[in-house]
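Open the model in a viewer and keep the selection tool at hand. The stops below go from one chain to the other.

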Amino acid sequence: MVENALRFLSLADANVRFVLLGSLLIGATGGLLGSFAVLRRRSLVGDALAHAALPGVALAYLLTGSKALPILLLGATISGVFGVLVIQFVTTYTRIKADSAIGIVLSVFFGIGIVLLTHIQRVGGGNQSGLDKFLFGQAAAMVGDDLVVMTVLAAIIIAAVLFFYKEFKALIFDPGFFSTLGFSSRRTDVLLMGLIVLTVMVGLQAVGVVLIAAMLITPAVAARFWSERLGTMVLVSTAFGGASGVVGTFISSLAPRIPTGPVMVLVATFFFVVSALVAPRRGLISRWRRERHNRQRESRQHFLRAYFELAEKDRESRSFSTSALAVELGWKAARVERLGRKLARQGYTERVGAGWTLMQRGFDEGLFIVKSHRLWEHYLYYRSILDADHVDRPADEVEHLLTPEIIERLEQILSAERGIDPQQVVNIHGSLSHYRRGGRE
Amino acid sequence: MSEVPSASSAVPPIQIHDMTIAYHKKPVLWDVDLDVPEGVLVGIIGPNGAGKSTMIKAMMDLVPKASGWVKIYDRPYEQMRSAIGYVPQRESVDWDFPINALDVVLMGRYGHVGWIRRPGAEDKKIAFEALEQVGMGEFAERQISQLSGGQQQRVFLARALAQDARIYMMDEPFAGVDAATEKAIIDILIALRHQGKTILVVHHDLQTVTEYFDWVIMLNMRVVAAGPTNEVFTNENLQKTYGGRLTVLSQAAQAIADQRRGD
């Protein structure tokens with residue numbers, strides 16, 4: 001195993017260099033085209049295409065007796081494209097929906113392919129072995145000639161994407177608008193589908209028909225986590241794909257008889273899982289953090305508002321006990337105590353005897369939140385005057401989300417349309433307020 | 001993408017002759033026959049399923065015509081695409097697409113740029129100005145899913161403005177937008193009309209028809225009435241357009257579809 005790894009890493013062996021370059025091309029083209037295929041929702045069609053390529057490989061061998069890659073890939077392309085056309089025919093002229101049509105074509109063509117491969121193995125004599133590598137892929141089987149074919153195909157794919165990047169982007173985003181500009185949506189779509197076919201063919205030998213679609217889908221989906229623009233997504237996806245190809249091939253070279261395709265797909269899946277977890281903004285961890293932050297802010301603001309409402313009832317006191325706050329909040333005393341201590345550490349509160357008082361920071365935020373809450377309640381109360389753009393959520397939830405700009409608008413609306421003085425609405429000593437108690441109480 | 005006759009010519013910008021449209025062989029719009037004059041703001045109204053969107057889509061070859069023809073400044077549509085700007089329904093695209101507002105608006109320039117070439121600095125300038133015109137300049141770099149519905153609608157309008165067209169077709173630009181956006185959009189439409197542009201707007205809100213539009217096309221699977229708002233937007237025509245969903249036409253269309261299905 002160590003020998004294998006060293007042999008691989010030294011790049012001394014020409015065959016290793018071929019295999020490595022081949023894997024890089026497969027992964028990178030898969031990632032490149034995958035971005036477009038996934039956004040165009042063609043990833044499953046890509047899967048059906050790959051499976052439908054198998055009988056073509058077998059038939060090409062049966063008809064010519066040759067195992068040269070160009071001939072086998074030609075057969076694969078013909079039967080793969082035929083499979084896609086059958087899907088289109090079935091969805092256009094019958095009531096069968098696309099997902100069923102894809103499933104039918106995928107399994108029927110794949111089944112025929114397996115039957116043909118079995119037949120070849122039984123009658124094919126000494127030369128029969130090798131075609132089954134098209135099932136799960138064997139990168140080590142790539143030789144110099146194969147690499148020439150793959151490089152040419154990859155060059156065509158990359159050049160086409162560079163030329164037609166703008167067209168693909170516009171087609172996928174808004175095909176109707178794109179065609180009103182004078183572009184042919186149909187031709188652009190056929191071109192894109194053709195490139196997806198070529199991409200599948202590049203990887204067919206090394207990854208295999210069963211899993212090649214994953215090399216289209218997985219890097220692209222992983223890349224989407226890191227990017228808000230198509231250009232970035234395409235680059236990241238290409239990089240993920242290329243890395244999956246190289247690393248997957250390396251790992252599968254460590255021991256004989258590990259098929260390359262599954263390992264590449266596992267590496268790509270690793271990129272996907274890591275992206276889904278740690279990507280900023282879209283990643284799960286970042287979302288959990290945001291949600292936790294929101295929950296914490298919400299409890300803190302409830303705590304602060306409870307303090308203000310107690311202060312309105314008892315204007316003499318500057319501090320309130322944990323139990324009084326607990327009653328006001330409807331929480332258990334232990335929860336108030338825990339939160340009070342935490343807020344003290346963060347500089348919002350300070351312990352006074354058995355209770356709590358607010359520091360400047362807590363006072364400022366509390367005042368703002370009381371204002372938000374009451375303005376919002378007023379707004380909901382008078383909402384009938386503004387039904388065009390209301391947001392119908394209880395003040396308890398919304399108070400945490402209102403920005404100073406929205407507050408300002410609420411004040412304007414209330415004073416302009418109802419003659420309500422916002423100052424009175426939020427007056428801490430509520431005696432002059434129009435404020436109708438509602439919500440939590 | 002050819003040159004356009006001068007605005008002074010008396011040729012109507014849009015002529016529709018005997019246009020019938022069918023979806024899956026079921027007719028949805030029959031025998032549309034009308035000329036739209038230059039420089040008017042036209043509202044297309046009618047109940048759901050009346051064929052409003054279908055009509056403007058058919059004029060731009062987005063759905064096939066079963067019969068009839070459409071001429072733009074007396075020429076076939078294919079020669080006149082660049083004269084028409086289009087605002088599709090907002091729901092027609094995936095707003096989670098990885099693209100920012102400016103790039104969407106830049107697509108309005110693609111027709112001028114042509115195949116393969118990339119939009120240049122001038123196109124980017126025009127696109128940014130269009131965004132500013134709809135009050136969205138500060139959101140140019142914003143990913144489109146982070147915009148509100150009204151802001152997304154404004155981006156679509158900006159994209160059409162960037163097309164720099166003479167005729168605009170808009171599919172429900174006021175659907176689901178806030179009051180401020182509705183006001184901003186109508187102001188822009190009125191400004192366009194002052195520049196002599198012809199604007200067709202699929203519209204739902206009957207309350208605002210007389211206020212917004214100087215021309216109106218009332219549809220219910222056929223043109224019930226079309227002409228200046230103060231002449232044709234009458235109670236009688238409204239009754240014909242909205243009263244009684246199951247018209248003879250829809251019964252006939254259903255019969256045709258049933259028969260074809262039985263074949």
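Start by selecting chain B, which has 10 helices and 10 strands. This is a predicted model, and every value on the tour is computed from it. Of the 263 residues of chain B, 42% count as buried. Among contacts in chain B with a separation of 6 or more, 70% are between residues 24 or more positions apart.

**Two loops in chain B**

Select B:Tyr73, in the loop that runs between strand 4 (65-72) and strand 5 (75-76) of chain B. Its phi is near 45°, a positive value in a residue other than glycine. For context, most residues other than glycine have a negative phi. Is B:Tyr73 buried or exposed? B:Tyr73 counts as buried because 20 other C-beta atoms lie within 10 Å, and the cut-off for buried is 20 or more.

Next, select B:Met221, in the loop between strand 9 (215-219) and strand 10 (223-228) of chain B. B:Met221 is not a glycine, yet its phi is positive, at about 65°. B:Met221 has 23 C-beta neighbours inside 10 Å and therefore counts as buried.

**A helix pair in chain B**

Two packed helices are described by the angle between their axes and the distance between the axes. Select residues 149-162 and 179-194 of chain B, which are helix 5 and helix 6. Their axes come within 10 Å and cross at roughly 15°. That angle is why helix 5 of chain B counts as roughly parallel to helix 6 of chain B, the limit for this class being under 35 degrees. The crossing of helix 5 past helix 6 of chain B is left-handed.

To see the contact itself, show these side chains:

- from helix 5 of chain B: B:Gly150, B:Gln153, B:Arg154 and B:Leu157
- from helix 6 of chain B: B:Thr181, B:Ala184, B:Ile185 and B:Ile188

Coloured by class, this contact has 4 nonpolar, 3 polar and 1 charged residues.

**Chain A and its helix 7**

Now select chain A, with 19 helices and 3 strands. Chain A has 441 residues, of which 43% count as buried. Residues 24 or more positions apart make up 69% of the contacts in chain A with a separation of 6 or more.

Within chain A, select helix 7 (144-173).

Colour the buried residues of helix 7 of chain A next. They include A:Asp146, A:Met150, A:Leu153, A:Ala154 and A:Ile157. The buried residues also include the run of A:Glu167, A:Phe168, A:Lys169, A:Ala170, A:Leu171, A:Ile172 and A:Phe173. Among the elements of chain A that cover the buried residues of helix 7 are helix 2 (14-39), helix 4 (69-93), helix 8, helix 9 (185-207) and helix 11. The cover also includes helix 3 (110-113) of chain B.

**Where the chains meet**

Finally, display both chains and select the contact between them, to which chain A gives 22 residues and chain B gives 23 residues. On the side of chain A that touches chain B, the elements giving two or more residues are helix 7, helix 8 (175-180) and helix 11 (230-253) of chain A. Which helix gives the largest share of that side? Helix 7 of chain A does, with 6 residues. By class, the side of chain A that touches chain B divides into 10 nonpolar, 5 polar and 7 charged residues.

Definitions and conventions:
Residues numbered from 1 in each chain as written. Chains lettered and ligands numbered in written order. Predicted model: local features only at pLDDT ≥ 70, side-chain atom pairs only at ≥ 80, totals over all residues. Contact = placed C-beta atoms within 7 Å. Helix = DSSP H or I, 4+ residues; strand = E, 2+ residues; numbered from the N terminus. Nonpolar A, V, L, I, M, F, W, Y, C, P; charged D, E, K, R; others polar. Axes fitted to C-alpha atoms, helices over the stretch in contact; angles between N-to-C directions. Parallel < 35°, antiparallel > 145°, perpendicular 65-115°, else oblique. Left-handed = near helix turned anticlockwise from the far one by under 90°. Buried ≥ 20, exposed ≤ 12 C-beta atoms within 10 Å, placed from the backbone.
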